Amino acid sequence: MNHEAFLHLTTLYLEDAINANDLELLNRELANSPDRVQQFNDLRLVTGLINEHGRPIDTVSVDNIGANFSSESPSYASSAIGFGRNTSKIRLSLQTLAVVALATVALLLLFLNSSGIQLQRDNDAPQRNLDTSGIATLEYTSHAKWENKQRVEGDQIGKGKLHLKIGLARLDFHNGATVTLQGPAQFEIISPNKTVLTSGILTASVPDSAVGFKVLTPAMDVVDLGTAFGVSVGGDGETDVCVFEGEVEVSRTDSKNTPQLVREGSAVRSSPKAESIDSVAYATMRYEKAWPVTSGVLQATGLMQFVSPGPDFVPGRIEDSDRILVFRECSRVILKSDLEVDVTEPGQYVRVGRRNKQSIGAGQVVGSYLLQLNPIGEFFRNETDGARVIGQITFNRPILGLIGGTAQLISTDELLGHPRGNYGNTRRGIEPARPDDQPDSGRDNVTLSNDRRTLSLDLSASSAVDQIRVIVLEQTQVTAPFRLTFNNASRYEKMLSEL
Amino acid sequence: MSTLFDVAHDKVMDRIEILKILMPERTKQFSLAWSILRKTHLSEDAYQDMLARVFENSDMFEGPQHVRDWSWKVLRNRCYELIRKKKYQATLLDDSILELVDTELERRGTADMPLRAEALRACLEGLSERSRETIRMRYFEGLPGNRVAEKLGRKPETVYKALQRIYVTLAQCIQKKMVALEMGDTLS
């Protein structure tokens, strides 16, 4: 059998379209040649890679308010246009979840933890670059490869150019701004408040302490006004700016015209040859790798999915029957009194029917995230071997506590919830144990890792709405007047002295 | 409302450790499941069931290799179980040949898988619009080849030929990019 014929039979086999005679031929060919076995598996692996990594990030079906969305048949056409401005409900397919989320786990864990790569990384680990004139810290990288120079997490980055060939890299500027680069990207730090993106993608979150932070591109100058946004620069210099929270000012490069204001949920585009800056559809797909990292979620894996950035993507406005959605709710909240929570210590937890409250001490500055699974109508109790939803999430800051009870969730909505979230009054939280469930039945397990940064969930898909609020530490002690912000969506211009 | 947690200290990190061991195997294992079930959602079900089984038996493992070996067996069995349960007719190689090819797949290294994934994405962009449409329908709408053919107004045999070309093109392209990367080039 020649090579072409073998590949054809392999394809027919993988497509379940092979007849008995051809199957026999394929059996014989594989039995007689180790090379054929390799070639067979080469194609088989391609199918696995396509399944896991072939789906474009932007294959979410979205429509406008009041419309129903199908979890099937995600449309390339719709994804090319991007998210509708007034999206009220999104449903994502199980396939998407599986393909994208678990794949990401594989990539992260492979890079960080699998022995082969870890060993190589350790052996080849370059010295940390301790540049005392650093403007930013290289806080996190994922599969990052740099042009010319090796860099490691913790490196101090000063003025100069960074060429990220592939992967993600998060830079925490000392003035408070956070920028995540997605390779391939060419980025330059001019000063603590001024950067240049020549090509590639970045997402940025800029607190009040760094308002005025600039990103210059070949087509536009972007000036932050206290916000979160994404910038994408193509090979020809065409630049897209997408504002997730707050607002930015944009102006044509070298133009003396009055800057335009771009508000959250809006996007603009220009190119070096264009004479104007045009509004375009708000589309966040290209930022969905970098944005979670900027938001403090280094990985959301398994069946866990960080929601898209934007004013419409808040609790109560998005449903997903198949995945655990992760919402960033608030940041920089000062606890003025002890906060009662369900869990504060690392360990593996299962549902039980008794209270055992613990608390997070007052005076700490915290942020919160909501993890939500809403599988109503998808599964039935009598599906005893029914699906589970398993996922893992890693934060860049330590987890101080978890809240999993309805009453406690409700009582903390005002302090820690998203200002635009619609949390409703229905039962939430990890559901109570059912009479036929043993405490260690494997259902609704929550594991907080010893380093307090990783949370693993194993939720029963037959549960009602499951929510867990995760409270992370942003600053241990408040030592000076501190301005509070809530996602920039509704800024609380309170000073500590007002509390 | 009693919706709280109890601690089980003796199992701390078990699942995280298991995920660390198994996630690098994920692409290979999904390839195995898909080549048996030929449907993405069924393959994902089988994979998730396998993970759950492994978690349930976390106390019996003697080390990472034990977890890996066991997970492959469980996944394979779960795929066959799904075929039986759903009375799903799937044409499979002889048992002895399946063992041969599955063993080779299982033994393959996983260290370069993240780069292969990156390479695949770049390679997909190089496909024609029609090829990408075929991939989309086959994999992400879950349509079998004959239904893809119907939708495209082509003969099934033409679609199978097209898929063959796509698989081969992608395999070669990924390999080329991996070599280029080793030489210090970028994936783009």
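This is a guided tour of a predicted model, stop by stop.

**Before you start**

Residues are numbered from 1 along each chain as its sequence is written, and chains are lettered from A and ligands numbered from 1 in the order in which they are written. Because the model is predicted, local features need pLDDT of at least 70 and side-chain atom pairs count only at pLDDT 80 or more, while totals for chains, interfaces and linings use all residues; side-chain values use heavy atoms, with hydrogens and water left out.

**Stop 1: chain A as a whole**

Select chain A. It holds 8 helices and 25 strands. Helices (H or I, at least four residues) and strands (E, at least two) are DSSP runs, numbered from the N terminus. Of the 499 residues in chain A, 59% are buried. Buried means under 20% relative accessible area, exposed over 50%, and partly exposed in between (1.4 Å probe, protein chains only).

Now look at contacts, meaning heavy atoms within 4.5 Å. Take those in chain A between residues at least 6 apart in sequence: 61% join residues at least 24 apart. The accessible surface of chain A is about 19200 Å², and carbon and sulfur atoms account for 46% of it. Accessible areas come from the Shrake-Rupley method with a 1.4 Å probe; for residues, only the protein chains shown count as cover.

**Stop 2**

A salt bridge here is a side-chain nitrogen of Lys or Arg within 4 Å of a carboxyl oxygen of Asp or Glu. Over all chains, the whole structure has 30 of them.

Start with Arg170(A) and Asp172(A). Their side chains form a salt bridge at 2.8 Å, N to O. Arg170(A) is buried at 3% relative accessibility. Asp172(A) is buried too, at 13%.

Next, select Asp240(A) and Arg269(A). This salt bridge is also 2.8 Å, N to O. Asp240(A) sits in strand β9 (residues 239-245) and Arg269(A) in strand β12 (residues 266-270) of chain A, so the pair ties together parts 29 residues apart in sequence. Asp240(A) is buried, with a relative accessible area of 7%. Arg269(A) is partly exposed, at 30%.

Then pick Arg328(A) and Glu245(A). The N to O distance in this salt bridge is 3.7 Å. Arg328(A) lies in strand β16 (residues 324-334) and Glu245(A) in strand β9 of chain A, so this pair ties together parts 83 residues apart in sequence. Both Arg328(A) and Glu245(A) are buried.

**Stop 3: single residues in chain A**

Stay on β16 of chain A and select Arg332(A). Its phi is positive, about 55°, although Arg332(A) is not a glycine.

Go to Gly183(A) and Pro184(A). A cis peptide bond joins them, with omega about 0°. Pro184(A) belongs to strand β4 (residues 178-191) of chain A.

Now Ser271(A), in the loop between β12 and β13 (278-280) of chain A. Ser271(A) counts as buried at 19% relative accessibility. Leaving out residues up to four places away in sequence, Ser271(A) touches Ala219(A), Gly237(A), Glu238(A) and Arg252(A).

**Stop 4: across to chain B**

Select Arg44(A), Arg76(B), Asp102(B) and Glu106(B). A network of salt bridges links them.

Follow Asp102(B) into helix α5 (residues 95-107) of chain B. This helix has 13 residues and reaches 18 Å from its first C-alpha to its last, close to the 18 Å expected at 1.5 Å a residue. The expected span is 1.5 Å times one less than the number of residues.

The buried residues of α5(B) are Ile97(B), Leu98(B), Val101(B), Asp102(B), Glu104(B) and Leu105(B). They cover an arc of only 155° around the axis, which puts them on the same side of α5(B). The arc is that of the directions from the helix axis to the C-beta atoms. On the face turned away from the buried side, find the exposed residues Asp95(B), Ser96(B), Glu99(B) and Arg107(B).

What covers the buried residues? The cover includes α1 (3-14), α2 (20-32) and α3 (34-53) of chain A, together with α2 (26-37) and α4 (64-85) of chain B.

**Stop 5: the rest of chain B**

Select helix α8 (residues 145-152) of chain B. Its buried residues are Gly145(B), Val148(B) and Ala149(B). Seen down the axis, they fall within an arc of 100°, so they line one face of α8(B). They pack against α7 (129-140) and α9 (156-182) of chain B. Just after α8(B) comes Gly153(B), with a positive phi of about 70°.

Finish at Arg38(B), in the loop between α2 and α3 (40-56) of chain B. Arg38(B) is not a glycine, yet its phi is positive, near 60°. Arg38(B) is buried, with a relative accessible area of 3%.
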